[in-house]
Amino acid sequence: MSGWFCVFRKEMREFTRDRRLFFSALLGPLFLEVMIILLFGYLDLSLSEEKSHKLLVINATEGAPVLDLLDMTHRFEIRNLSKNSNPDDALRNKKGRLVLQFPDGFARRYQAREAPEFYVIVDRSETTSMIALEAVRSVVETARTETVRARIRELDLDDKQFDPFVLRAREAEISQPFASEWLVGILPYLIVIWAFYGGFSIVGDLVAGEKERGSLETLLVAPISRPAIAFGKFTALASVSLVACISALAGVIVMALIRIPITERLFQHGLALSGLSVFALIVTVLPLVIFFAGTLLAVSTFARNQREVQGYLSLLSFVVLVPAVFSQFIGYTGVAGAKWIAFVPILNTATVIRDALLNRVDWFSLTVTASVGILLAAVGLFTAVRLFMKESVLMRV
Amino acid sequence: MIEVHDLVKHFRDGKRGVVKAVDGVSFECRPGEIFGLLGANGAGKTTLLRMLSTVLTPTSGTAIVADYDLIRQPGQVRRSIGFMSSTTALYARLTAGEFIRYIGNLYGLRGADLERRVKYVVDLLEIGDYHDRLCDKLSTGEKQRVSLARTILHDPPVLFFDEPTVGLDVFASRKIREFIQERKEQGKTIVFSTHIMSEAEHLCDRICVIHDGRIAAIGKFEELKAKTGETHLERVFISLVSPTEDPA
């Protein structure tokens, strides 16, 4: 195997001069990660802020008792609509998030304690409309509770007797997540994706490109074994994939450290990643990178030319993307804690990464994932080397 | 010294079935000799040279190259040969100097030994002016000189040239022929493959006419002329590979 380091060093030197690689493995992951965090920070902030919900009101004079309550919370911006306005059209044209429609006689019936009805017209396709509905409901519910209590007290009764029980929520004293739920959901996906796509731009060049250009012959006539050539190229590719992963993680870490207002809610606990979590990340991501590098090299060796490489890789992308995409939503499903996930490549790594970012380590899952990863990495590397030794594969152009 | 014994190479092709690219070729080439492989495109010259340089494994037969057995000692064979082909490319993102040093490293050259050899080939082939230029930016002639430098960097006793002048202008081709001639005078064992008749005629001590993977004839130019009764190599060649065709 001597000589592999020469090949590795030469490949790395060429990579450093390849502008495509600078963008795809270094700047791309970093930039994209920063952009995603900023975007998610903005979304999180927008949804969490006590922002005013724009309400459109038809027949506002009748709805005064309700509108006064809403106004007191300072969470609503109330605008009147003419009595014959079409509420559906108003929502369709995004004039407001909800339309509150009060029937004639509402105020009188309220005074008479007849529990009058009013209508809220909501656009179910708009999340903001649903959020506004919940906000209005919460105000109405609070008013109802307060009214009931007041009226019970009017009867000289203890209002507490009418509470069947009292619910109090307490946050469990378990690990603090590295970042907000949203970010923890998407980060594993991004790390897995960069492990695969990091070396995408150069994998075609690596063997198929050399076949096409004729430079591979130079290597094959040199006194260096073919496994050593394959291993040198493999280590270079794996290094690039690893750099892409590190670059993606670096983007997250930098954003966690600099703590700008827009991302503050995403990283409430600063850079809260335990040593064990870092260990879990390393032992699962490293085999995945090796597996991907071996697979990509095998594809590049098998293909006749760079165009063929791109064709195979497009198909292969889906195999990687499907479990990676699913990993984003696994937290919302009932299979999140299932043991079998540890045996499913890519999905298992993404799950362990997710757990690690939540500062949790499930030893069974970690051990099986690392073992499956190492096994696949060995298979990937072995396949790449075997293909490299096959004359019929290596010499076909 | 090269001794080739009944070398055979068959390929399996989806459409054509088994293709006999080289079919029982035997010859020998001595130090200080330029042995020409003359054949049309697809005759089997490149496959033969690829086998002799261990890039391809023979289906059967063997060869002794620089005292090493092709099948049993491929590593030593590779250390003893220099292989240059018109289709062999350089690495676009390495400079000429980096490329030569990289090849030197692959051949186990390090430190002062490497620098001494690099200086020698750079001076010999007048590469100094573009030594630090990326290979991608070199002209075809300059690339060919860098390829020559790579071929002789480790001072191998055996040299294989596979159509090295294809695509080059008159001056660059001439330079290469002169270079090969000088290596011959240094006592190197040289196999030179070409389909250009005049090159074979002027450069080679002996010519092996190869056709459809088989040897049609081997000998000095004079011997081939005598054998066929023709006076020009082109006519000699045609009468050897296609006896029914009128050379005129």
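Mentor: Buried means under 20% relative accessible area, exposed means over 50%, and partly exposed lies in between, with a 1.4 Å probe and protein chains only. This is a predicted model, where local features need pLDDT of at least 70, side-chain atom pairs count only at pLDDT 80 or more, and totals for chains, interfaces and linings use all residues. Residues are numbered from 1 along each chain as its sequence is written, chains are lettered from A and ligands numbered from 1 in the order in which they are written, and side-chain values use heavy atoms, leaving out hydrogens and water.

Trainee: How many residues of strand β8 of chain B are buried?

Mentor: Strands (E, at least two residues) and helices (H or I, at least four) are DSSP runs, numbered from the N terminus. On one side of β8(B), B:Thr189, B:Val191 and B:Ser193 are buried, and on the other B:Ile190, B:Phe192 and B:Thr194. The strand, residues 189-194, is largely enclosed by the rest of the structure because the buried count is six of the six.

Trainee: Which residue in β8(B) is the bridge partner of B:Gly36?

Mentor: Two strands pair if DSSP finds at least two bridges between them. Strand β3 of chain B (residues 34-38) runs parallel to β8(B), joined by five bridges. In β8(B), B:Gly36 has as its partner B:Phe192.

Trainee: Which residue in β8(B) stands opposite B:Phe160?

Mentor: Strand β7 of chain B (residues 158-162) is also parallel to β8(B), again through five bridges. Opposite B:Phe160 is B:Val191.

Trainee: How many residues does the largest nonpolar core have?

Mentor: A nonpolar core is a set of buried Ala, Val, Leu, Ile, Met, Phe, Trp, Tyr and Cys residues joined through side-chain atoms within 4.5 Å. B:Leu48, B:Leu52, B:Val65 and B:Phe160 have the most contacts inside the largest one. Helix α10 of chain A (residues 226-258) gives the largest share, 14 residues.

Trainee: What distance separates the centres of domain 1 and domain 2 of chain A?

Mentor: An automatic or database assignment sets the bounds, giving domain 1 (13-42 + 178-394) and domain 2 (51-162). Taken over C-alpha atoms, the centres lie apart by 52 Å.

Trainee: In β2(A), which residue is the bridge partner of A:Leu55?

Mentor: In chain A, an open sheet of mixed pairing has the strand order β2-β1-β3-β4. Its edge strands, each pairing on one side only, are β2 (76-81) and β4 (119-122). Strand β1 (residues 53-58) of chain A pairs with β2(A) in the parallel sense over six bridges. The partner of A:Leu55 is A:Ile78.
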